[in-house]
Amino acid sequence: MKKRYLTVLVGLCLAVPFATPCLAADSSDKPLQGEISIGGKWQLDDLDKHEGKAKGGAEFDSTADKNLSWDTGAKLDYRSPSINFDVDGRYKDGDDQTYGGNLDLGRIMLYKTNYDRFMHRLGHDYLDNLTAQIFRAAGTPGAPVGLPFPCPDPNNPAFCQALPDTDPNTAGYQNSRSTIGAAAVYHTDHDPFADYHTTHTTWENSLTFNVPQLPGLQVGFDHRQEKRKGCAQALTTSKCSACHIESYSKGINEETNDYMPKVSLKLEALALEYSFLHREFNDKSQEMINGYNTLTAAHIAPFASSLQFPTYSGTTLNAGSEILPFSRTPDSTKDSHTLKGRYDIDANNTVIAGIVYSKSTNTQTDGAYSPLYGEFGKDLELDSTAMMAKWHSRLSSTVSLNLFGKYQTMNNDNVGIDINDAALHNKYKNEPGDLWDFTRQSAYDMDILTMGADMSWKLVKGITLKGGYEYKRDNRKNADLLNVPETTDEHTIKLGGDWRINRTMKWALGYKGQFVSHPYAYKNAVCTPWGSFGQYAGPASDGADYYRSYGPTIYDARTGTRSNLPNQAHEFSLKGNFMPMKTLSANLYGKYRTAKNDDVSGNDWQQDLFTGGLNLVLTPFEKLVFTAGYNYFYDTYDSMYCIALYDG
Amino acid sequence: MEYETEAHTFMLGASLKPMAKLSFNLTGSYTKGTGNISELSFAHMETSDVKLSYNVSALNPNQIYLYDTAYINGISAYSNADFKEMDLTLGVAYRLTKQMGIGLNYYYTDYQDDAPYVYRDESNTLQSLVGYLTYSF
């Protein structure tokens with residue numbers, strides 16, 4: 001116990017080595033002990049001198065842009081036969097606070113709380129790279145001559161005024177406008193000088209009652225609250241072409257609350273626990289809207305605009321139809337029931353089993369049907385049921401065995417999508433069953449089965465061998481519709497061993513192999529791997545029939561399968577601890593993972609990862625300690641992509 | 001396409017307690033991180049209204065070159081990550097009495113962004129002093 005107390009004390013001193021002197025722990029037996037620290041921070045070289053560079057080196061430091069700030073803390077500890085409590089806290093500024101506390105009333109009521117708040121400075125994407133255009137065709141290839149060029153969208157003058165630069169009053173604007181083709185990418189930053197950050201707050205509470213009249217019965221209630229507030233950059237883009245990327249500042253105000261009542265009973269060999277979780281996520285952030293540009297009239301007539309938004313009456317824009325929401329996160333809830341049990345069959349055999357049923361609900365989809373606003377006339381729900389069991393057996397004094405299995409089934413609601421097809425041309429009626437309408441069936445409709453065994457064998461004193469096997473099957477119900485494998489079978493083998501050579505040296509070796517048939521992949525991800533690509537065939541004679549040219553040459557040309565998951569992976573690990581002399585201790589670690597997927601079209605997907613490090617502690621004499629460490633990380637992977645380029 | 005990330009981190013620390021009331025602490029760390037995309041290659045695709053490297057700055061100073069698929073090869077350079085960060089802390093603590101102590105810490109952070117991304121150059125040098133007084137009971 002004394003050793004554990006010392007370990008905790010040393011850990012605290014290492015964790016906050018400069019917060020308090022940690023010079024001498026008062027070992028007296030006073031019931032009340034504490035420490036108060038009052039300090040301040042003087043920022044000699046602060047972020048104000050580096051506007052536009054606000055994140056580097058201070059991503060999580062809220063005081064880096066203040067000349068003076070507090071750095072105070074306190075801790076209090078009270079011990080008595082009937083009441084024990086301790087509290088601690090640290091305050092640097094309003095966005096950097098940490099508090100914690102424990103209360104124990106005669107072991108009947110236990111209360112624990114932790115509060116933590118910190119700032120995260122976010123970057124500002126200035127969108128500088130999002131500027132490109134083609135010339136309007138002049139009839140002769142290679143002749144980008146400025147021709148009279150009317151605004152491609154007479155119903156939206158603002159769109160034309162913004163091309164190609166964000167400032168239509170610049171000198172070059174008037175001249176350039178006459179040469180721009182219909183395909184262009186350009187940007188507007190509506191708040192170019194903004195600095196973005198969010199403040200994260202977490203508050204956890206746990207209250208437990210041990211019922212004195214029924215030993216072993218415990219009733220508890222846990223609560224966890226997480227908040228994210230501040231201001232972040234929100235981006236949106238019009239339907240390309242032309243791609244108009246717009247940036248706004250968005251007020252962030254998100255809150256998640258977990259409420260978890262629970263009850264547990266421990267008898268001699270049997271332990272049961274039931275808990276219920278109710279989670280609420282509420283996004284009270286600024287509700288963003290944007291007026292989107294219409295699709296531009298193409299540079300090759302008669303390719304026409306308007307597929308989904310905005311809408312037209314004849315050739316007249318329906319006022320307000322170009323304004324749509326963006327950057328919104330729906331409110332949601334989750335209810336989860338968990339029942340766990342443990343039974344000790346005898347001194348060497350234990351069985352653990354559990355079942356979890358949960359329902360996650362998107363609570364912002366029950367408005368009148370409007371897919372563009374995310375309203376589908378009902379709450380969307382995801383149901384999940386999972387069952388697990390594990391048997392642990394100590395077969396002998398040197399051999400132990402675990403057998404385990406788990407089954408999970410998930411079912412997500414379908415969603416009907418009614419496309420507002422070509423209202424301008426009235427070719428397709430905007431009614432259910434039209435050409436582009438479809439039912440979205442979810443990739444979450446799936447069953448997962450896992451089973452396996454692992455074993456530990458103490459071969460001789462100082463040497464322990466470990467081995468395990470796990471089988472996992474994913475069965476996807478909508479695989480054909482989503483163009484992914486219906487079944488994935490995964491076999492995992494683990495081998496390892498610990499070797500304690502003597503009191504000064506210990507090694508651990510490990511190997512993990514994964515062999516997967518049909519890992520998750522998208523079957524229509526890339527063009528044919530031999531490098532051919534579709535050629536744009538020009539517009540259809542019917543201006544509303546986009547599929548005639550774009551579909552066959554872009555989407556349908558993608559027939560190759562790609563994945564970023566391996567069908568074969570090997571991982572080797574090594575750990576070593578040694579003390580070559582009394583004053584020096586060292587630990588060494590390394591992990592190498594090589595993975596590939598040769599069951600894809602084109603070249604193999606491949607990954608190589610290596611991490612390693614060495615840490616040393618040298619104590620030449622009691623009052624002097626040196627530490628040194630080196631860590632290395634290397635990760636590389638090869639993949640193949642097919643990017644559709646339509647007018648650039 | 002090949003994507004590669006690499007990071008080296010060095011750490012050093014020392015603590016010295018020359019007398020019961022006085023202690024010194026020193027910690028330092030240095031990290032160098034890089035990331036890059038390579039073996040990315042797009043062919044130049046001739047279309048009716050695209051000309052690679054055709055300088056049109058006279059027509060539009062904001063768009064010097066016209067768009068071409070071959071420019072996507074610039075992703076290799078544009079996606080580079082290259083930074084160095086050095087953190088240094090020096091501290092001294094002195095116990096005035098059995099119950100009271102004082103301390104002073106110096107913090108230095110230098111972050112060098114050698115391949116600015118869309119957030120522009122985020123290089124910074126930060127220095128600060130923290131002084132404190134403790135009372136134990």
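**A tour of chains A and B**

Select Asp77(A) to begin, and across from this residue you will find Asp86(A), which lies in strand E4 of chain A. Before going further, note that this is a predicted model, in which local features need a pLDDT of at least 70 and side-chain atom pairs count only at pLDDT 80 or more, while totals for chains, interfaces and linings use all residues. Residues are numbered from 1 along each chain as its sequence is written, and chains are lettered from A and ligands numbered from 1 in the order in which they are written.

**Stop 1**

Helices (H or I, at least four residues) and strands (E, at least two) are DSSP runs, numbered from the N terminus, and two strands pair if DSSP finds at least two bridges between them.

**Stop 2: a loop residue with positive phi**

Move on to Leu127(A), which sits in the loop between strand E6 (109-122) and strand E7 (132-135) of chain A. Leu127(A) is not a glycine, yet its phi is positive, at about 65°. Most residues other than glycine have a negative phi, and most peptide bonds are trans. Leu127(A) counts as buried because it has 20 C-beta neighbours inside 10 Å; a residue is buried if 20 or more other C-beta atoms lie within 10 Å of its own, exposed if 12 or fewer, and partly exposed in between, with C-beta atoms placed from the backbone.

A second residue of this kind is Ser327(A), not a glycine either, with a positive phi of about 50°. Select the loop between strand E16 (323-326) and strand E17 (332-346) of chain A to find Ser327(A), which counts as partly exposed because it has 17 C-beta neighbours inside 10 Å.

**Stop 3: the nonpolar core**

Show Tyr196(A), Ala232(A), Ala234(A), Tyr248(A) and Ile252(A) together, for these five residues make up the largest nonpolar core. Strand E10 (217-237) and strand E11 (243-266) of chain A are the elements that give two or more residues to this core. A nonpolar core is a set of buried Ala, Val, Leu, Ile, Met, Phe, Trp, Tyr and Cys residues joined through C-beta atoms within 7 Å.

Which residues does Tyr248(A) touch? Leaving aside residues up to four places away in sequence, Tyr248(A) touches His190(A), Asp191(A), Ala234(A) and Met288(A); two residues are in contact if their C-beta atoms, placed from the backbone, lie within 7 Å.

**Stop 4**

Select Tyr186(A) in strand E8 (residues 180-189) of chain A; Tyr186(A) is buried, because 24 other C-beta atoms lie within 10 Å. From there, draw a distance to Met387(A), 201 residues apart along the chain, and the two C-alpha atoms will be separated by 52 Å.

Next colour strand E18 (residues 349-362) and strand E19 (residues 380-394) of chain A, which run antiparallel and are joined by 14 bridges. Thr350(A) has His392(A) in E19(A) as its bridge partner. On to strand E20 (residues 399-412) of chain A: 13 bridges join E19(A) to this strand, again in the antiparallel sense, with Leu382(A) opposite Asn412(A) and a hairpin of four residues between E19(A) and E20(A).

**Stop 5: where to read with care**

Colour chain A by pLDDT, the predictor's confidence in each residue, from 0 to 100; chain A averages 82, and 74% of its residues score at least 70. Over residues 423-431 of chain A, pLDDT stays under 50, and the model has 20 contacts beyond four places in sequence for this stretch. Residues 539-544 of chain A also stay under 50, with 17 such contacts. Where pLDDT is low, the predicted coordinates should not be read in detail.

**Stop 6**

Zoom out to chain A, which has five helices and 32 strands, and in which buried residues make up 17% of the 648 residues. Then select chain B, with one helix and five strands that run β-β-α-β-β-β from the N terminus on; of its 137 residues, 21% count as buried.
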